[in-house]
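Have a look at the chain below before reading on. The notes that follow walk through its overall make-up and then some individual spots.

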Amino acid sequence: MSRKKPDSLIDSKEPFEEEKLTHHQSIHEEVHGSGHGGAEMGWLVSYADLMTLLFGLFVILFSLATDKTKDMDDVMKQVSQKYFSQNSPPQNPQVPVEPPVESIKQSAAAVAGEQSADEQSDKNEQALADLLKQIESLKSENEKLSSKSESTEKEKKTLQRKVASVEDEQSKKVDTQVESLEQELAEQKIENQKLKEELSKKQPPMQNYMMVLLTWETEKHDLDLQIVSPTKKVFNFKRRQFAGEPGHFELDNRFGPGIEMWKAENFNAGTYEVRALFYSKNGNEKPVKLHLTVITNLSTFKSPNVELKSSGDFLDIPFNIDAEGTVIFQK
């Protein structure tokens, strides 16, 4: 049983179909042309549809292949910062967040670095404290040495003053002894002159006399006087005189400061040799200072100070004397 469509629908559709047919026919005529030539260009419609579909396909593929995730991420970040930054959902405290391995290593390295830095700082502080202690100890030792040096210097000055005073005293003693001896000799000379005058009145005049003196000023030194007469007789502390030979030892000191004296009356004229021998130091390492004096009835000769440094050194003074008592020293 067939149904009939309403007339209204049929009526409404007919103008649309006619219009559609007319439009399609016009396009067909434009593409294919009219007449016999339109049948030959019918493939162009299919080719145009194919190109359109392919173009659409490639556009879709290109749009899918373009990476827009980065732009999308930027847009999402901007939107979240603008609208959701203040009301961000709280983190769940019950869910533990596992830190990354690299951050843990960096934290451990930082802690180890801090510990090593602390240890190095402690070591530096300890070394500084030790150095300060050493400086303090050196300061105290330096102060002690300075005090010792000052006391030593004071003792040295005291000893130098004592030695200088002792030397001055000894020198004064020697000078006093020499002066007294010279005074005694001068008095003896005056007395001898008086005796000569008296004897000249009573008896024929006597032979002249001669004295040789050896004096030294230093302490403890032992010097020996030796006289060689014109007859080659040697007078010394061992042989003080000879029988029939004028001259003999009057004084012989063995510990300085001292004096030794040889005296001759009615002496033999000729060449004499006087020797001063440095016999012993007796513990005094200083050089000895001495001088010789020859006295006759006519003149007095006193040698300048002579210095002998070591034991065994000696000083020789040869001279000639005539019968009247004139002394001529040889070079």
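How many salt bridges does a search of the whole structure find? The search turns up 6 salt bridges. Keep in mind that this is a predicted model, so everything here is computed from predicted coordinates.

## The chain as a whole

The protein chain runs to 331 residues, and buried ones make up 20% of them. Its secondary structure comes to 4 helices and 12 strands.

As for contacts, take those with a separation of 6 or more: 65% of them are between residues 24 or more positions apart. The chain's accessible surface is about 25,500 Å², and carbon and sulfur atoms account for 56% of that.

Arg240 pairs with Asp252, and their closest N and O atoms are 3.2 Å apart. The two sit in distant parts of the chain, 12 residues apart: Arg240 is in the loop between strand E3 (234-235) and strand E4 (241-242), while Asp252 is in the loop between strand E5 (245-251) and strand E6 (258-265). How covered are the partners? Arg240 is partly exposed, at 36% relative accessibility. Asp252 has a relative accessible area of 19%, which is under the 20% cut-off and therefore counts as buried.

Another pair is Arg275 with Asp316, where the closest N and O atoms are 2.7 Å apart. Arg275 belongs to strand E7 and Asp316 to strand E11 (residues 314-321), so this bridge ties together parts that lie 41 residues apart in sequence. Both ends come out as partly exposed: Arg275 has a relative accessible area of 28%, and Asp316 is at 38% relative accessibility.

## Lys281 and the E7-E8 loop

Where is Lys281 placed? Lys281 falls in the loop between strand E7 (270-280) and strand E8 (288-296). Lys281 forms a salt bridge with Glu285, with 3.3 Å between the closest N and O atoms. The two side chains also make a polar contact, again at 3.3 Å.

## Two positive phi angles

Here is a backbone detail to check. Most residues other than glycine have a negative phi. Asn282 has a positive one, near 55°. Lys220 also has a positive phi, about 70°, although it is not a glycine.

Lys220 itself lies in the loop between strand E1 (209-216) and strand E2 (222-228), and is partly exposed at 35% relative accessibility.

Is Asn297 buried or exposed? With 15% relative accessibility, Asn297 counts as buried, because the cut-off for that is under 20%. Its place is in the loop between E8 and strand E9 (300-302).

Leaving aside neighbours within four places in sequence, Asn297 is in contact with Lys189, Lys196, Asn208, Tyr209, Glu324 and Gly325. Of these, Tyr209 is a residue of strand E1 (209-216).

## A nonpolar patch on the surface

Finally, over to the surface. Which residues form a nonpolar patch there? The members are Met41, Trp43, Leu44, Tyr47, Leu50, Met51, Leu54, Leu57, Phe58, Ile60, Leu61 and Leu64. Together they have about 1,200 Å² of accessible area.

Take Leu44 as one member of the patch. Leu44 is found in helix H2 (residues 43-65), and with a relative accessible area of 33% it is partly exposed.

Terms used
Residues are numbered from 1 along each chain as its sequence is written. This is a predicted model: local features need pLDDT of at least 70, side-chain atom pairs count only at pLDDT 80 or more; totals for chains, interfaces and linings use all residues. Side-chain values use heavy atoms; hydrogens and water are left out. A polar contact is a pair of N or O atoms within 3.5 Å; within protein, one must be able to donate a hydrogen and the other to accept it, and residues adjacent in sequence count only if both atoms are side-chain atoms. Buried means under 20% relative accessible area, exposed over 50%, partly exposed in between (1.4 Å probe, protein chains only). Contact means heavy atoms within 4.5 Å. Accessible areas come from the Shrake-Rupley method with a 1.4 Å probe; for residues, only the protein chains shown count as cover. A salt bridge is a side-chain nitrogen of Lys or Arg within 4 Å of a carboxyl oxygen of Asp or Glu. Patches are made of residues with over 30% relative accessible area and no salt bridge: like charges are joined within 9 Å, nonpolar side chains (Val, Leu, Ile, Met, Phe, Trp, Tyr) within 5 Å.
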